[in-house]
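The stops below are meant to be selected one after another.

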Amino acid sequence: MKNCIKHSVKILAASAAVILIEIFTGAVLYMALSLCSALVAGQKVSVFNLHFFVRGIMTVLPAAIFLSPVFISFYLIRHKEIAGIPIFVCIAGIFCLWLFAVPGLKKPGAAQPFMDGSQQAQLSSGYFRSSADGRYIFYYSEITPQNSASGVCIDTRRIKDKVFTFSGIQFPRESAFSDPLIQSSLEMPYSLKSAFSLFSAFIKTARSKSQESMTEWLCFSSVIAAFLSVIWLRNISMWRLVNVLLIAVVFAAVLLVNSFLLPTEAFARIALPKYIARAVPAGRYIIAAVNCGIFAMALAAGAVASMLRKNSGALDFAGDGYQ
């Protein structure tokens, strides 16, 4: 009993530490990327912004919770003495944290993902900047407080009359980056940007669902049970690296499956061919059933693997120390 309590406290403390580290790291990353997206050539660079940091904490909190099972699983791979009831205590703790913490954020629109198109363009004069398609090169000689510009434009596709002047051109009030010069240097690769977009869509959907009915929120929260299922896969193989890769793959698969099932514009059901998307059911009870099924299958797989390992007598293999 003492060991059970000791291990329960240990895994809960580790879970809390993982989530806090994720929140802090995510908030710093949010702040850094937000500062970069608001950066304008020729203006002073800010290293810390409290507003962005606090907004980052509010934004990444849901992501920190649903990502935590992956890192907790890695922790449990290293600490094999923690098993049984402490694992259920950990799972219950994370699930309850998700159920009550996310709705506590109240306003879905209060936190926005970085580089979300909400930065106001306030450019500085005296720099050459190219258009999005690369055809035009602009030199802004003057930019008024009303955000209109005057200067010189070069049309790179023309043979004659390539250079002409302009005045009173109004910039768009909102764009992903305040300055195209910064965007061309710091914009994320497509693959990384797609991953961030997927996580951002999940966060937005979670915040939105948390403000709806209790039934809707509980059905959506079943995805956390699916994410938590990776904990049962920590000892499927006697090779730690295999377990790590399996956990990462299953977690990604759960996220993708839910992205296709959730009936919301935030997720890309359009990524599926139309005839498949129409055939895939997307009701809230279907989503809950799928996620609970994933959890049950992972639990069964972990139990079978543990039984087979005990029956085989191979309790100490490749330095893992199962005894």
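**Before selecting anything**

This is a predicted model, in which local features need pLDDT of at least 70, side-chain atom pairs count only at pLDDT 80 or more, and totals for chains, interfaces and linings use all residues. Residues are numbered from 1 along each chain as its sequence is written, and side-chain values use heavy atoms, with hydrogens and water left out.

**Stop 1: the whole chain**

Colour by secondary structure. The protein has 9 helices and 4 strands, where helices (H or I, at least four residues) and strands (E, at least two) are DSSP runs numbered from the N terminus. Along the sequence the order is α-α-α-β-β-β-β-α-α-α-α-α-α. Of the 323 residues, 41% are buried; buried means under 20% relative accessible area, exposed over 50%, and partly exposed in between (1.4 Å probe, protein chains only). Among contacts (heavy atoms within 4.5 Å) with a separation of 6 or more, 67% come from residues 24 or more positions apart.

**Stop 2: α6 against α7**

Select residues 214–228, helix α6, and residues 240–261, helix α7. Two packed helices are described by the angle between their axes and the distance between the axes. Here the angle is about 160° and the axes are 9 Å apart. Axes are lines fitted to C-alpha atoms, for helices over the stretch in contact, and angles run from 0 to 180 degrees between N-to-C directions. The two helices are therefore roughly antiparallel; the classes are under 35 degrees for roughly parallel, over 145 for roughly antiparallel, 65 to 115 for roughly perpendicular, and oblique for the rest. The crossing of α6 and α7 is right-handed: a crossing has that hand if the near helix is turned clockwise from the far one by less than a right angle, and is left-handed if anticlockwise.

Which residues of α6 and α7 meet? Show Val223, Ala226 and Phe227 on α6, and Phe251, Val254, Leu255 and Asn258 on α7. By class, this contact of α6 with α7 has 6 nonpolar, 1 polar and no charged residues. Ala, Val, Leu, Ile, Met, Phe, Trp, Tyr, Cys and Pro count as nonpolar, Asp, Glu, Lys and Arg as charged, and the others, Gly among them, as polar.

**Stop 3: α5 against α7**

Leu198, Phe199 and Phe202 of α5 make the contact with Leu255, Leu256 and Ser259 of α7. That contact divides into 5 nonpolar, 1 polar and no charged residues.

Centre on Ser259, which sits in α7 and is buried at 4% relative accessibility. Its C-alpha atom is 7.8 Å from that of Phe202, 57 residues away along the chain.

**Stop 4: the salt bridges**

Side chains of opposite charge can pair when their charged atoms come close. How many salt bridges does the structure hold? There are 3, a salt bridge being a side-chain nitrogen of Lys or Arg within 4 Å of a carboxyl oxygen of Asp or Glu.

- Select Glu81 and Lys10, which pair at 3.1 Å, N to O. Glu81 is in the loop between α2 (50–78) and α3 (85–101) and Lys10 in helix α1 (residues 2–37), so the pair ties together parts 71 residues apart in sequence. Glu81 is partly exposed at 40%, and Lys10 is partly exposed at 30%.
- Select Asp155 and Arg158, whose closest N and O atoms are 3.4 Å apart. Asp155 is buried at 1%, whereas Arg158 is partly exposed at 39%.
- Select Glu216 and Lys209, at 3.0 Å, N to O. Glu216 is buried at 14%, and Lys209 is buried at 11%.

**Stop 5**

Val102 lies in the loop between α3 and β1 (128–130) and is buried at 1% relative accessibility. Beyond its neighbours within four places in sequence, Val102 is in contact with Pro62, Leu97, Ala206, Arg207, Ser210 and Trp217.

Finish at Leu20 in helix α1, which is exposed at 58% relative accessibility. The C-alpha atoms of Leu20 and Ile65, 45 residues apart along the chain, are separated by 9.5 Å.
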